[in-house]
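Work through the exercises below with the sequence and the 3D structure at hand. Each task is followed by a solution in steps.

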Amino acid sequence: MVLTGKTALVTGGSSGIGLAAARMLRDNGARIAITGRSEEKLALAATELGGDVLPIQADVSSREDLILASGRIKEAFGSLDILFANAGAALGTPLATTDEATYHKIMDVNVKGVFFTVQAMLPLMREGGSIVLNTSWLNQVGTPGRAILSASKAAVRSFARTMSAELLDRKIRVNAVSPGSIETPIHRQEPERGRVPRLCRPGRRAGAARAHGQAGGDCGRRALPGKRGFELYARSGDRRRRRQIGALTCF
Ligand SMILES: NC(=O)c1ccc[n+]([C@@H]2O[C@H](COP(=O)([O-])OP(=O)(O)OC[C@H]3O[C@@H](n4cnc5c(N)ncnc54)[C@H](OP(=O)(O)O)[C@@H]3O)[C@@H](O)[C@H]2O)c1
């Protein structure tokens with residue numbers, strides 16, 4: 001098992017892609033911590049994952065929660081080798097009707113949440129560690145009613161580049177994985193607030209969380225996933241890899 005002795009945190013690890021990534025990391029031998037807001041979902045996920053998974057209730061839009069989570073992980077694991085900043089929100093935001101609260105809700109989870117997740121976990125990250133940010137295929141395309149979600153994911157793609165450059169000296173790689181349309185509960189959340197119906201590119205089928213979780217996990221364990229239709233893949237560490245970060249391409 002390639003990850004024996006390694007530790008990993010998956011934010012939003014209680015459902016969908018995060019849960020699939022957590023399973024994959026665990027199957028490869030890593031000790032894992034998962035976060036989410038719902039205690040109930042975390043408990044279910046922890047039971048499903050079994051073993052010594054560490055469930056931590058934490059909202060990524062709260063710096064305080066993230067700092068507490070970092071403390072819990074330090075206590076339990078000492079350090080982190082892999083961080084999959086996966087937690088995200090998806091709401092439809094039609095230009096004409098979207099209110100300020102919805103704007104903040106998406107940006108606070110998807111942008112602020114990712115930034116401060118990395119900041120809070122950075123002191124725990126070991127040299128040679130890997131950070132994977134979950135962005136989206138929406139970060140480069142224009143689809144009606146998704147302006148804020150798409151912009152938030154473009155910010156995450158940008159984070160992968162800038163953070164990667166910033167963490168070169170610590171030899172911490174930062175990559176972005178970019179799922180296509182995946183069947184997960186995110187498409188069923190808060191229907192009254194404009195859920196984002198699942199949308200696929202013409203001629204493409206929706207993917208499975210398992211495969212995309214694998215992408216996040218694979219980035220974390222240094223293998224190129226090479227799967228079809230799901231990832232932007234960026235690596236840092238040397239000039240060639242940095243060029244790849246500047247050349248993120250959609251599937
Ligand atoms: N599914 C797709 O088609 C698709 C496509 C592209 C990108 N993505 C991205 O993939 C990531 C995972 O989404 P998913 O499809 O797997 O959705 P999901 O099944 O709904 O999982 C979302 C996870 O994030 C957690 N979460 C949500 N808001 C949070 C917050 N404020 N703080 C902490 N945890 C939070 C959820 O738990 P709680 O609700 O308990 O907090 C849950 O564990 C997201 O970043 C999403 O944007 C998904």
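**Exercise 1. Confidence**

Task: Find what the mean pLDDT of this predicted model is, and which stretch has a pLDDT below 50.

Solution. Step 1: the model is predicted, and its mean pLDDT is 82. Step 2: 75% of the residues reach 70 or more. Step 3: the stretch below 50 is residues 222-251. Beyond near neighbours in sequence, this stretch has 69 contacts in the model. Step 4: where pLDDT is low, the predicted coordinates should not be read in detail.

**Exercise 2. The overall pattern**

Task: State how many helices and strands the protein has, and in which pattern they follow along the sequence.

Solution. Step 1: there are seven helices and six strands. Step 2: read along the sequence, the pattern is β-α-β-α-β-α-β-α-β-α-β-α-α. Step 3: of the 251 residues, 50% count as buried. Step 4: take the contacts with a separation of 6 or more; 68% of them are between residues 24 or more positions apart.

**Exercise 3. Strand β1**

Task: Decide whether β1 is enclosed or open, and which strands pair with β1.

Solution. Step 1: a residue is buried if 20 or more other C-beta atoms lie within 10 Å of its own. Five of the five residues of β1 are buried, so this strand is largely enclosed by the rest of the structure. Step 2: check the two faces. Thr7, Leu9 and Thr11 are buried on one side, and Ala8 and Val10 are buried on the other. Step 3: β1 pairs with β2 in the parallel sense over five bridges, and Thr11 has Thr35 in β2 as its bridge partner. The chain goes from β1 through α1 to β2 in a right-handed β-α-β crossover. Step 4: β1 (residues 7-11) also pairs with β4, again in the parallel sense, over three bridges. Leu9 has Leu83 as its bridge partner in β4, and Val10 stands opposite Phe84.

**Exercise 4. Strand β4**

Solution. Step 2: β4 and β5 (residues 125-134) run parallel and are joined by five bridges. Leu83 has Ile131 in β5 as its bridge partner.

**Exercise 5. The ligand shell**

Task: Name the residues that come nearest to the ligand, and the element that gives the largest share of the shell.

Solution. Step 1: of the 30 residues around the ligand, Gly12, Gly16, Arg37, Ser38 and Gly88 come nearest. Step 2: α1 (16-27) and β2 (31-36) each supply at least two shell residues. The largest share, three residues, comes from α1. Step 3: sorted by class, the shell has 11 nonpolar, 16 polar and three charged residues.

**Exercise 6. Lys171**

Task: Find where Lys171 lies, and what its phi is.

Solution. Step 1: Lys171 is in the loop between α5 (147-166) and β6 (173-177). Step 2: the phi of Lys171 is near 55°, a positive value in a residue other than glycine. Step 3: most residues other than glycine have a negative phi. Step 4: Lys171 is partly exposed, because 13 other C-beta atoms lie within 10 Å.

How values were computed: Residues numbered from 1 in each chain as written. Predicted model: local features only at pLDDT ≥ 70, side-chain atom pairs only at ≥ 80, totals over all residues. pLDDT = per-residue confidence, 0-100. Contact = placed C-beta atoms within 7 Å. Near = placed C-beta within 6 Å. Helix = DSSP H or I, 4+ residues; strand = E, 2+ residues; numbered from the N terminus. Nonpolar A, V, L, I, M, F, W, Y, C, P; charged D, E, K, R; others polar. Pairing = 2+ DSSP bridges. Buried ≥ 20, exposed ≤ 12 C-beta atoms within 10 Å, placed from the backbone. Right-handed = clockwise from strand over helix to strand, strands pointing away.
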